[in-house]
Amino acid sequence: MEDGKGWVESSLQWQTIEKFARRGRSLEIFIKNKSRYMFKLEEDFLDSGERFRTIFKDCIYPGSSWLTLVANKAPSFSLSVGGGLKYRLHCPYCKENDCDDCKRCILYIGFGNPFIGNLVSFVSLTNVEHPAKYAFDEAKDGTFKSSSFGGLRGVVEMIDAIYCSSKRIVFSVE
Ligand SMILES: [Zn+2]
């Protein structure tokens, strides 16, 4: 389960997977929260393509993970998909993110499957404010990356996808 393989989501409909798998440019985005903080979505930026599954509106709770599927809009290889996500981390019992235990930490996640070039990814843990688009702009290649802030460490790596012939980008924070 470390990388989400072998983990089937009951809420993921077969029709969605079939539609997703037919697209030329696709990506599986898997976010693992191994920290004790909640990941609360602040901004969701999609530069191109579309989501086949949305949830980013809600929190990713400590010890849980989330999978989403993104792909180009038309059934064509001539289009790309890419975007960025901005999550604010806070402790589960703090509504205003203002207690001493809150890290005031932001998680940026960037991903892309461009028309030209290789898959790209980006991860950053920081307290610097940017729009979510920043994470997409910083995603320039698909190499392993890590980022540390306030005792937390975020890493991003690519593995083979499950629902398409492309890759799964695994973002994890602990
Ligand atoms: Zn707090």
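Modeller: A residue is buried if 20 or more other C-beta atoms lie within 10 Å of its own, exposed if 12 or fewer, and partly exposed in between, with C-beta atoms placed from the backbone. This is a predicted model, where local features need pLDDT of at least 70, side-chain atom pairs count only at pLDDT 80 or more, and totals for chains, interfaces and linings use all residues. Residues are numbered from 1 along each chain as its sequence is written.

Colleague: Thanks! Why does Ser146 count as partly exposed?

Modeller: Ser146 has 13 C-beta neighbours inside 10 Å. Buried needs 20 or more and exposed needs 12 or fewer, so a count in between is called partly exposed.

Colleague: And what makes Leu67 buried?

Modeller: Leu67 has 20 other C-beta atoms within 10 Å, so Leu67 is buried. Leu67 belongs to strand 5, a strand being a DSSP run of E with at least two residues, numbered from the N terminus.

Colleague: How do you know that strand 1 and strand 5 pair?

Modeller: Strands pair if DSSP finds at least two bridges between them. Strand 1 (residues 26–33) and strand 5 (residues 65–71) are joined by 7 bridges and run antiparallel, so they meet that rule. Across from Ile31 is Trp66 of strand 5.

Colleague: What is the order of the 6 strands in the open sheet?

Modeller: The order is 3-5-1-11-10-9, with mixed pairing.

How values were computed
Helix = DSSP H or I, 4+ residues; strand = E, 2+ residues; numbered from the N terminus.
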